[in-house]
Amino acid sequence: AAISAKVVQHNLVAKCCQQDRELSTKYRLHYCTLSRRSLLPPVGGKLAWNGNSTMQLGALSKFKQGIIYCNAASSSTAIPSVEKSAFLKLQNGSDIRGVAIDGVEGEPLTLTEPVTEAIAAGFAGWLLAKKKYVSSKRLRVSIGHDSRISAQKLQDAVSRGLARAGVEVIQYGLASTPAMFNSTLTVNDEFSCPVDGSIMVTASHLPYNRNGFKFFTSAGGLGKPEIKDILERAADIYKNISSDDSKGAEKAALYVKRVDYMSVYASNLVAAVRKAAGNIEKPLEGFHIVVDAGNGAGGFFVDKVLEPLGTITSGSQFLEPDGLFPNHIPNPEDKTAMKAITKAVLHNRADLGIIFDTDVDRSAAVDLSGREFNRNRLIALMSAIILEEHPGTTIVTDSVTSDGLTTFIEKKLGGKHHRFKRGYKNVIDEAIRLNSVGEEAHLAIETSGHGALKENHWLDDGAYLMVKLLNKLASARTSGVGGSSKVLTDMVEGLEEPAVDVELRLKIDQNHSDLKGGSFRDYGEAVLKQLENTVESNAKLLKAPVNYEGIRVSGYGGWFLLRLSLHDPVLPLNIEASSYEDAVKLAHDVLNAVKECTALDTSALIKFVGV
């Protein structure tokens with residue numbers, strides 16, 4: 001059942017606790033008092049709500065402090081019941097995603113504040129079980145958010161859920177996803193680090209009305225099984241909310257610490273570049289680099305990373321957080337976004353352009369001539385950098401990378417290309433697995449711009465990827481090799497790139513009689529089997545001997561990959577070829593193979609082929 005009831009209205013704490021960009025004093029801390037009657041019931045077992053107690057936070061003498069009193073009394077509106085199945089539908093692989101803003105037709109609210117509190121409590125319960133803490137020791141969890149318009153209210157709902165579970169809550173305000181993971185590793189008592197767990201409120205590049213959560217411990221991001229566990233716990237917690245609410249729970253004051261952790265995270269990035277340049281204070285002095293943050297959380301990279309390194313940043317754009325994303329989708333894969341940063345580079349005659357997605361776990365770049373470093377080209381560049389540092393290492397990528405990239409990594413760079421599955425967590429986990437069985441891998445990267453390095457705890461960090469590029473610029477200048485982004489451009493010289501690169505999405509009609517009551521996944525697998533059988537009988541086509549996802553086939557000087565989407569009833573078809581005519585030939589062979597699969601919408605394929 002969908003969570004379709006109207007969201008319970010609250011006076012938002014967001015009006016009291018200002019966004020991080022208003023924390024102008026370096027390392028300032030705030031203590032936000034969230035007054036609200038206890039919403040959620042005891043969790044059972046060892047974890048119970050602590051609604052009547054307050055968190056006593058010791059003063060930190062080195063920092064400016066303040067207390068903000070926020071009147072966030074509950075509405076008297078009854079809290080709607082929510083089925084367990086609706087909680088489980090919020091899972092999106094290793095993330096949680098839902099609709100947080102009402103008003104878009106056909107998209108009912110699913111991520112309400114009470115649901116969010118339950119999810120936070122579910123994470124607290126999961127974390128407690130994992131850490132096996134004794135009851136005398138309190139867990140500590142950090143929370144951050146991107147620029148979405150629902151971010152503040154969800155951050156505060158998460159805070160309430162955690163605090164009433166007896167967890168010490170540290171709010172970071174506007175933050176990046178990579179910074180949230182780093183807070184589980186940083187050792188700094190003054191900033192209450194390391195934390196036991198971390199929650200990022202984000203939905204990446206999805207529309208303004210969506211939001212969600214990513215969860216971290218010091219071991220990395222949580223995977224699919226852990227997310228399912230948290231949601232099951234949340235559903236059990238939520239079941240008693242309606243009855244508890246109707247009885248009327250007493251108000252409790254919850255004290256939440258506010259920390260400007262982004263300054264700590266950014267200073268580590270600055271230190272990495274300085275180290276690569278031989279400990280020069282301003283190794284990028286004179287370089288002109290423009291940043292496009294897409295009105296997401298990446299604006300910090302200009303004033304907290306580039307400028308301390310001596311970089312000229314004039315012409316940087318869309319740095320102010322705006323959850324309506326008025327200029328373009330903050331997505332390095334989006335053509336409009338890439339055109340925007342390319343235009344900024346050329347207009348300002350900059351040496352380099354950098355673009356981030358909303359929560360800064362993905363990135364891309366543009367050189368001084370306007371040439372893009374994204375998708376296969378970004379992977380090629382990062383591979384060249386990593387293979388200089390670790391000759392012969394394995395580069396793990398997702399399944400849609402090009403044949404030209406394989407040739408570049410293996411023939412030009414002397415590395416090994418391990419093409420795996422789509423999904424950044426899949427790619428990262430595979431790199432970790434390879435290392436565990438004795439195959440050295442130092443880079444796991446997707447065409448989407450998610451890239452993780454062994455040296456950086458296998459965290460997919462868009463800012464750290466760009467720091468690796470900055471390191472190269474700084475070290476090249478120090479050694480007298482060059483003083484512009486041409487150093488980076490030269491590193492991908494020889495990468496063969498296709499003339500045609502398309503992705504067509506073939507949807508499965510779940511209501512079609514052809515499914516015979518089965519799942520779209522079963523039907524999709526049957527379609528792939530049908531294609532495989534057809535390919536094997538076609539002498540012009542060659543199925544890839546090693547492949548981990550879908551059916552990958554070479555022919556007519558190009559290749560195609562048909563696979564089942566990770567989450568949706570869709571079969572994406574990727575085609576690369578040296579000419580449009582050859583791409584059509586590949587598409588035509590796919591169409592002939594699946595044309596009898598009547599529950600599959602092949603209209604996009606038919607249009608491309610021109611039948």
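This is a predicted model: local features need pLDDT of at least 70, side-chain atom pairs count only at pLDDT 80 or more; totals for chains, interfaces and linings use all residues.
A pair of aromatic rings is described by the distance of the centres and the angle of the planes. In the model, eleven aromatic pairs are found. One of them is formed by Tyr172 and Tyr261, whose rings are stacked, with 5.0 Å from centre to centre and 15° between the planes; the pair counts as stacked because planes under 30 degrees apart are placed in that class. Tyr172 belongs to strand E6 (residues 168–174), whereas Tyr261 belongs to helix H7 (residues 261–276), and the pair therefore ties together parts that are 89 residues apart in sequence. Both Tyr172 and Tyr261 are buried.

An edge-to-face arrangement is seen for Phe301 and Phe356, an aromatic pair with 5.2 Å from centre to centre and 70° between the planes. Here the class follows from the angle, because planes over 60 degrees apart count as edge-to-face. Since Phe301 is located in helix H8 (residues 300–306) and Phe356 in strand E12 (residues 352–356), this pair ties together parts that are 55 residues apart in sequence. With a relative accessible area of 0%, Phe301 is buried, and Phe356, also at 0% relative accessibility, counts as buried; the term applies because both values fall under the limit of 20% relative accessible area.

Aromatic rings also take part in other arrangements. Phe123, Trp126, Phe213 and Phe215 together form one aromatic cluster.

Strand E7 (residues 197–201) was examined next. Five of its five residues are buried, so strand E7 is largely enclosed by the rest of the structure. In a regular strand the side chains alternate between the two faces of the sheet. In E7, Gly197, Ile199 and Val201 point one way, while Ser198 and Met200 point the other way, and all of these residues are buried.

Strand E8 (residues 210–217), by contrast, runs antiparallel to E7 and is joined to it by four bridges. In this second pairing, Val201 has Phe213 of E8 as its bridge partner, and Phe213 is itself a member of the aromatic cluster with Phe123, Trp126 and Phe215.

Key
Residues are numbered from 1 along each chain as its sequence is written. Side-chain values use heavy atoms; hydrogens and water are left out. Rings of Phe, Tyr and Trp (its six-membered ring) pair if their centres lie within 6.5 Å; planes under 30 degrees apart count as stacked, over 60 as edge-to-face and the rest as tilted. Helices (H or I, at least four residues) and strands (E, at least two) are DSSP runs, numbered from the N terminus. Buried means under 20% relative accessible area, exposed over 50%, partly exposed in between (1.4 Å probe, protein chains only). Two strands pair if DSSP finds at least two bridges between them.
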